[in-house]
Amino acid sequence: MRILALESSCDETAAAVVEDGRRVLSGVVATQIERHKIFGGVVPEIASRLHAESICAVTGEALEKAGLALCEVDAVAVTYAPGLIGALLVGVNYAKGLALGSGKPLVPVHHLRAHIAANYITHPDLEPPFLCLVVSGGNTLLVQVEDYTVFHVLGRTRDDAAGEALDKAARAMGLPYPGGVHLDEAAKGGDAHAFSFPHPSVEGAPLDFSFSGLKTAVLNRLHNAAQKGETIETADLAASFQSAVADALLRNTGAALQRTRAKKLVLAGGVSANSVLRERVGILAKRYGAQLYLPALSLCGDNAAMVGAQGYYEYLAGRRGDMSLNAAATMPIEENGR
């Protein structure tokens with residue numbers, strides 16, 4: 001089964017054709033990074049406009065690279081939540097038009113489910129059940145994936161997401177957008193023990209996360225140094241802060257592995273490209289005797305191939321959208337895509 005998939009939840013306009021949820025026939029991504037870099041972050045109105053300008057060409061290129069016409073695909077899948085509402089609406093409405101015009105089924109896909117599904121492409125042998133740590137710019141979750149479309153959240157962030165904390169810390173350090181990537185690079189030459197940061201926890205909810213305190217701590221460190229006229233070594237601060245974020249993520253993941261006795265651990269989301277997190281989650285998995293699955297670096301960021309992978313399983317589960325399908329800025333991963 002071949003699915004044409006579309007993704008426009010933030011600042012990447014993407015289209016792909018995926019076969020049977022595992023094989024990528026084509027994947028095209030039009031990035032907006034250079035357009036947002038001068039603002040230090042994504043400007044939602046600009047993102048929406050650029051999606052509208054790019055989505056037709058990106059879709060055409062994906063079909064051409066797959067060697068298919070629209071009439072030869074079996075369904076159209078699209079990210080409909082969560083994300084920037086204006087950006088999502090561009091993809092949703094374009095997908096609705098394609099589905100209506102071609103008579104193909106429309107399959108709504110949750111963005112975080114798609115990030116998890118990126119691992120099905122990288123690891124064709126991976127099957128649920130498994131424990132997944134989802135770490136992105138807007139979300140941080142510990143999820144028990146019981147089946148391809150059945151998810152149970154064990155822990156979630158109570159405030160900022162890990163990716164958001166990394167991005168804002170990077171911006172405060174004067175690193176360019178996208179912050180998380182440049183912070184990871186800067187940290188490679190730094191001392192992770194140079195600065196101490198708090199290890200936040202949520203009372204009564206040991207698997208939940210909190211990153212607002214960590215973010216505030218690094219901002220205060222920078223402000224205090226500036227007021228005193230002191231110079232902070234960026235590499236050391238970046239390495240120390242990144243290590244503290246990884247500590248928080250892995251402490252809870254270890255607790256979840258202990259509680260669930262899961263034998264498969266999956267990492268997903270944009271922050272899964274972080275070099276320190278990838279290295280240390282491998283050590284954690286080995287400690288608990290779990291097999292680790294990491295997405296290919298090319299599939300960590302937003303892309304349409306992961307949407308096509310999850311779309312295949314949503315289709316098999318009977319999920320369908322009609323012309324009333326709307327986008328949603330927020331939506332729990334447990335919801336069924338209706």
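1. Leaving aside neighbours within four places in sequence, Asp302 is in contact (heavy atoms within 4.5 Å) with Glu7, Ser9, Cys10, Glu12, Val29, His111 and His115. Asp302 is found in the loop between strand S10 (291–293) and helix H10 (305–316), where helices (H or I, at least four residues) and strands (E, at least two) are DSSP runs numbered from the N terminus. With a relative accessible area of 18%, Asp302 is buried, given that buried means under 20% relative accessible area, exposed over 50%, and partly exposed in between (1.4 Å probe, protein chains only).

2. A word on the basis of these remarks: this is a predicted model, in which local features need pLDDT of at least 70 and side-chain atom pairs count only at pLDDT 80 or more, while totals for chains, interfaces and linings use all residues. Residues are numbered from 1 along each chain as its sequence is written, and side-chain values use heavy atoms, with hydrogens and water left out.

3. The side chain of Asp302 also makes a polar contact with the side chain of His111, at 3.1 Å; such a contact is a pair of N or O atoms within 3.5 Å, where within protein one must be able to donate a hydrogen and the other to accept it, and residues adjacent in sequence count only if both atoms are side-chain atoms. The unreviewed UniProt entry carries the annotation "binding site" for His111, His115 and Asp302. These residues span 192 residues in sequence, yet no two of their C-alpha atoms are more than 8.8 Å apart, so they gather at one spot. UniProt positions are given in the numbering used here, feature names are shortened, and annotations may be inferred rather than shown by experiment.

4. His115 has its place in helix H4 (residues 111–122) and counts as buried at 2% relative accessibility. Not counting residues up to four places away in sequence, His115 touches Ala268, Gly269, Gly270, Cys300, Gly301, Asp302 and Met306. Ala114 is found in helix H4 as well and is buried, with a relative accessible area of 0%; with residues up to four places away again not counted, Ala114 touches Val109, Met306, Val307 and Gln310.

5. The unreviewed UniProt entry places the feature "domain: Gcp-like" at residues 24–308. The end C-alpha atoms of that span lie 9 Å apart, and the span is 49% helix and 17% strand.

6. Strand S7 (residues 140–147) and strand S8 (residues 150–156) run antiparallel and are joined by six bridges, two strands being paired if DSSP finds at least two bridges between them. A hairpin joins S7 to S8 through two residues, and the bridge partner of Asp147 in S8 is Val150.

7. A search of the whole structure finds 11 salt bridges, each being a side-chain nitrogen of Lys or Arg within 4 Å of a carboxyl oxygen of Asp or Glu. One of them links Lys168 with Glu164, the closest N and O atoms being 2.9 Å apart; Lys168 and Glu164 are four residues apart in helix H5 (residues 162–172), and therefore separated by about one helical turn. Lys168 counts as partly exposed at 39% relative accessibility, and Glu164 likewise at 22%.

8. Arg319 forms a salt bridge with Glu314, with the closest N and O atoms 3.5 Å apart. Salt bridges that share partners join Arg113, Glu314 and Arg319 into one network. Arg319 counts as buried at 12% relative accessibility, and Glu314 is buried with a relative accessible area of 1%.
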